[in-house]
Amino acid sequence: MSVPAGTLRLGSTAPDFQAETSNGPISFHEFIGDKWVVLFSHPDDFTPVCTTELGAFAKLEPEFAKRGVKLIGLSANGTESHKAWIKDIDEVTGSKLSFPIIADAERKVAHLYDMIDFQDASNVDDKGVQFTIRSVFIIDPSKKIRLILSYPASTGRNTAEVLRVIDSLQTGDKHRITTPINWVPGDDVIVHPSVTNEEAKTLFPKFRVIKPYLRLTPLDVEQK
């Protein structure tokens, strides 16, 4: 089955765009540079769930930075509204939000990334235009989309899960492994199916065979 033109999938190149942000104008691909990026959208400024989310992301920004990850938000308002809202976010959550928030009042980026909610008829602005939903995109340094999450407007995201997925992706890129359910750094990982048992003896000396298709191994500290 063919994928409709313009549809974003895992492995798609993240579309480039130019936009105004709370930190000034950007070209998205230039913003990414050689880093990982978490792009996450919000329905509207000065809203309760979004305020808690942005504060939480801001507090965790040093953890993202340790992993070579940049944060960038998006909301369907202008830059002046964003700047005023950031003051509220910092006051309410005790954060010091410094990453940019894209101004997307015309929903151009939201449509480009399919962040629009057509199911919830109440999720519209005073002009009847659909707000963006709570989308998350993890994009790697080659500009490829590695994760897409969409939350309803009523449900706040889990920042720990976003960090966990980044850890999983980066660990998998570095080693020939995948990660099991609820994996966190330090847990055993799964030897990638493409690795033969003979190769695994060298790559993962402590690996063990649970089933022919399921082989677990710890990662030594120097391997991480």
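Author: Asp188 and Arg208 form a salt bridge, with their closest N and O atoms 2.9 Å apart. Asp188 sits in the loop between β8 (177-178) and β9 (189-191) and Arg208 in strand β10 (residues 208-211), so this pair ties together parts that are 20 residues apart in sequence. The model is predicted: local features need pLDDT of at least 70, side-chain atom pairs count only at pLDDT 80 or more, and totals for chains, interfaces and linings use all residues. Residues are numbered from 1 along each chain as its sequence is written, and side-chain values use heavy atoms, leaving out hydrogens and water.

A salt bridge here is a side-chain nitrogen of Lys or Arg within 4 Å of a carboxyl oxygen of Asp or Glu; the count comes to 13 by this rule. Helices (H or I, at least four residues) and strands (E, at least two) are DSSP runs, numbered from the N terminus.

As for exposure, buried means under 20% relative accessible area, exposed over 50%, and partly exposed in between (1.4 Å probe, protein chains only). Asp188 is partly exposed at 25%, and Arg208 is partly exposed at 37%.

Now to another pair: Arg157 and Glu53 meet through their side chains in a salt bridge of 2.8 Å, N to O. This pair links distant parts of the chain, 104 residues apart, with Arg157 in the loop between β7 (145-151) and α6, and Glu53 in helix α2 (residues 48-59). Both Arg157 and Glu53 are buried.

Finally, a network of salt bridges links Glu63, Lys66, Arg67 and Asp167. Asp167 is among the buried residues of α6.
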